[in-house]
Amino acid sequence: LDTMLGSLQSDLNKLGVATVAKGVCGACKKPIAGQVITAMGKTWHPEHFVCTHCQEEIGSRNFFERDGQPYCEKDYHNLFSPRCYYCNGPILDKVVTALDRTWHPEHFFCAQCGAFFGPEGFHEKDGKAYCRKDYFDMFAPKCGGCARAILENYISALNTLWHPECFVCRECFTPFVNGSFFEHDGQPYCEVHYHERRGSLCSGCQKPITGRCITAMSKKFHPEHFVCAFCLKQLNKGTFKEQNDKPYCQNCFVKLFC
């Protein structure tokens, strides 16, 4: 080609037609007399303006410059664009930077449910991103009452955590006054239901027995409430008669049933 070009220039000069080179090729450093590509502040023979990596002609296609060298679009992205942590593909447009990594926006989602993150953002655990719901469902402490995740305020009692609204008597669901409660089998109870569970309610007044106690007829009584069902005279454990699951003194029993 150089020989032919030299001859052409010589022949044209002989005919009186001046030939002027359009520049020097940025690759081969020789004059350009025919088609020319102007790029990166230089001129090139079309066949010499090639991708630095794959050596294919770039022509009129898009290209990128790096360190003064041209690259076709495909090779530039494969070589130099950030990689998506999820698919390992090059990121060509928008990029999400999170967890010290880069992601395609469509590939940055909850590691548990796959949902995209809303305005509330995401929570991180062991290098993975989770939506708020899944993060707390999986990693937040669970309430001893409802077993759901505790997101904000809590009460610590009985070696576990509770939502304030869940820390109530397990029988009647009444909140505890001044935080005072009774424990039975790891659960909180009010005083009445604690004694009911333990069988220490007085069968006479249905109130807790905290002091002296009389056990009779498979029941428990305050001493002052263990009385004759007819005359209401206080009884002693060994001096009563039973009829229809009720206690009677000796006199009343004889009077009523004998």
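Student: What relative accessible area does Arg-197 have?

Tutor: The model is predicted, with pLDDT of at least 70 needed for local features and 80 or more for side-chain atom pairs, while totals for chains, interfaces and linings use all residues. Numbering runs from 1 along each chain as its sequence is written, and side-chain values use heavy atoms, leaving out hydrogens and water. Arg-197 is partly exposed (between buried, under 20%, and exposed, over 50%; 1.4 Å probe, protein chains only). Its relative accessible area is 44%.

Student: Which side chain meets that of Arg-197 in a salt bridge?

Tutor: A salt bridge (side-chain nitrogen of Lys or Arg within 4 Å of a carboxyl oxygen of Asp or Glu) joins Arg-197 to its partner at 2.9 Å, N to O. The pair links distant parts of the chain, 26 residues apart, with Arg-197 in helix H4 (191-198) and the partner in the loop between strands E10 (160-162) and E11 (182-184) (DSSP runs of at least four residues for helices and two for strands). That partner is partly exposed at 34%; the residue is Glu-171.

Student: In which helix do Lys-133 and Asp-137 both lie?

Tutor: Their side chains meet in a salt bridge of 2.9 Å, N to O. Lys-133 is exposed at 57% relative accessible area, whereas Asp-137 is partly exposed at 36%. The two are four residues apart, about one turn, in helix H3.

Student: How many salt bridges does the count give?

Tutor: Asp-245 and Lys-219 also meet in one, at 3.1 Å, N to O. This pair is 26 residues apart, with Asp-245 in the loop between strands E15 (241-243) and E16 (246-248) and Lys-219 in strand E14 (219-221). The count comes to three.
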